[in-house]
Amino acid sequence: MKILAVDTAGKTAGVALMEDERLLYECCLNNGLPHSQTLLPLIDQCLNLCGLHCADIDLYGVNAGPGSFTGLRIGLAAVKGLALPRKTPCAPVSTLEALAAAHVGEGTVVCALDARRAQVYCAAFDLATHDRLMEDDARAVKDLAEFVKKSKKPLFFVGDGAALCYNEYGSLDGVLPTAPALALPRAAAVAMVARKMALAGQAVLPEALMPDYHRLSQAERERAAKLAAQKAGGQE
Amino acid sequence: MTEYITHSRAETVELGRRMAQAVSPGALIAFTGGLGAGKTAFCEGLAAGLGCTDPVSSPTFAIVNYYRGARPMAHFDLYRISTEADLCAAGFYDYLDQGAVVAVEWSENLAQLLELEHPIRVEIQSLGGEERRIRIEGVEL
């Protein structure tokens with residue numbers, strides 16, 4: 001199975017090509033140029049250097065969220081366009097799960113993307129098993145305190161929200177530093193998660209590929225539900 | 001807060017051009033003032049002063065126009081935007097994060113939300129004819 005994976009959820013643009021578990025090509029561009037300018041040339045270069053065409057691709061993987069709204073749409077639109085003519089299956093990958101998939105070891109990885117106003121889109125995974133320890137959601141950085149303090153294993157942060165988390169928790173026992181250059185999103189990890197999803201029957205047709213922004217935090221959703229309940233109660 | 005009186009459209013454009021020299025990348029500029037107040041004229045000068053090469057037009061229908069150039073600018077009209085989700089979907093925060101200068105017309109519509117981003121404020125009031133009173137808060141020209 002040949003998998004082309006794309007990551008444009010954050011500031012970096014990544015493209016990877018895998019044949020089953022073998023990585024054939026990967027790039028990560030982190031020079032600040034807009035994804036709308038760089039993504040298609042990167043995909044083109046990837047296919048050219050691998051001597052492949054879109055017709056050879058069996059599965060597309062793409063970060064479907066959370067992430068920058070504009071970035072997610074660029075990645076999803078590009079993949080949708082490439083996949084549509086042949087109805088090639090697509091795997092809408094969680095940006096946070098893909099971040100975690102690039103790391104192994106013994107401990108916990110917390111993936112965090114800056115969501116502004118001291119909030120992060122975050123999730124946590126066990127490094128050895130990659131079992132999920134926390135669902136994808138927007139949370140206040142401060143609200144991670146309990147999780148970080150209760151974590152029995154060593155823990156580190158990755159993603160463009162990692163710096164926010166290190167500011168808050170970096171000095172705690174058990175919190176390990178990461179090398180920023182090695183904690184960037186990896187398109188190869190997107191491909192790995194996409195493959196896992198396809199094997200589990202979770203790939204979709206290109207027309208069903210949709211962004212998952214996770215914009216509202218749990219606190220905001222609870223407040224909205226409470227207000228709606230109050231409103232409904234008032235009308236009775 | 002500083003108050004300026006401009007006597008023609010050209011003077012309003014020129015004031016926008018002056019402001020371009022004083023704002024940093026990722027700055028948010030929130031405009032208030034009714035229809036025809038001259039917000040788009042001011043933005044025309046602002047974009048020119050930033051070195052944008054794309055032509056400036058009213059973003060009323062597109063919601064956002066993006067002008068490329070030395071220092072890019074995103075020009076929003078929030079007249080039809082009423083929720084935070086819509087604002088996010090329009091890429092508002094992405095432009096701020098990218099370091100574009102973000103100019104927002106009809107900022108009244110989401111005043112509380114924009115407040116959190118500590119905007120520079122520009123209030124334009126028509127004094128009749130082409131004369132305008134322009135109040136600028138949050139930056140020294």
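Chain A has 236 residues, and a compact globule of that length would have a radius of gyration near 18 Å; chain A comes in at 19 Å, which agrees (taken over C-alpha atoms, with the globule rule being 2.2 Å times the number of residues to the power 0.38). This is a predicted model, so local features need pLDDT of at least 70 and side-chain atom pairs count only at pLDDT 80 or more, while totals for chains, interfaces and linings use all residues. Residues are numbered from 1 along each chain as its sequence is written, with chains lettered from A and ligands numbered from 1 in the order in which they are written.

**Chain A overall**
- The C-alpha trace spans about 60 × 50 × 35 Å along the principal axes of chain A.
- Chain A holds 7 helices and 9 strands (DSSP runs numbered from the N terminus: helices are H or I with at least four residues, strands E with at least two).
- Some 44% of the 236 residues of chain A count as buried (20 or more other C-beta atoms within 10 Å of a residue's own; exposed is 12 or fewer, partly exposed is in between, and C-beta atoms are placed from the backbone).
- Among contacts in chain A with a separation of 6 or more, 67% join residues 24 or more positions apart (contact: C-beta atoms, placed from the backbone, within 7 Å).

**Helix H1 of chain A**
- Just after H1(A), A:Gly51 takes a positive phi of about 65°.

**B:Gly26**
- This glycine sits in the loop between helix H1 (9-20) and strand S2 (28-32) of chain B.
- B:Gly26 counts as partly exposed, with 14 C-beta neighbours inside 10 Å.
- B:Gly26 and B:Asp97 are 71 residues apart in sequence, yet 6.6 Å apart in space, C-alpha to C-alpha.

**Where the chains meet**
- 7 residues of chain B are in contact with 7 residues of chain A.
- On the chain B side, helices H3 (84-89) and H4 (92-98) each supply at least two residues.
- H3(B) gives the largest share of that side, 3 residues.

Note on methods:
Two residues are in contact if their C-beta atoms, placed from the backbone, lie within 7 Å.
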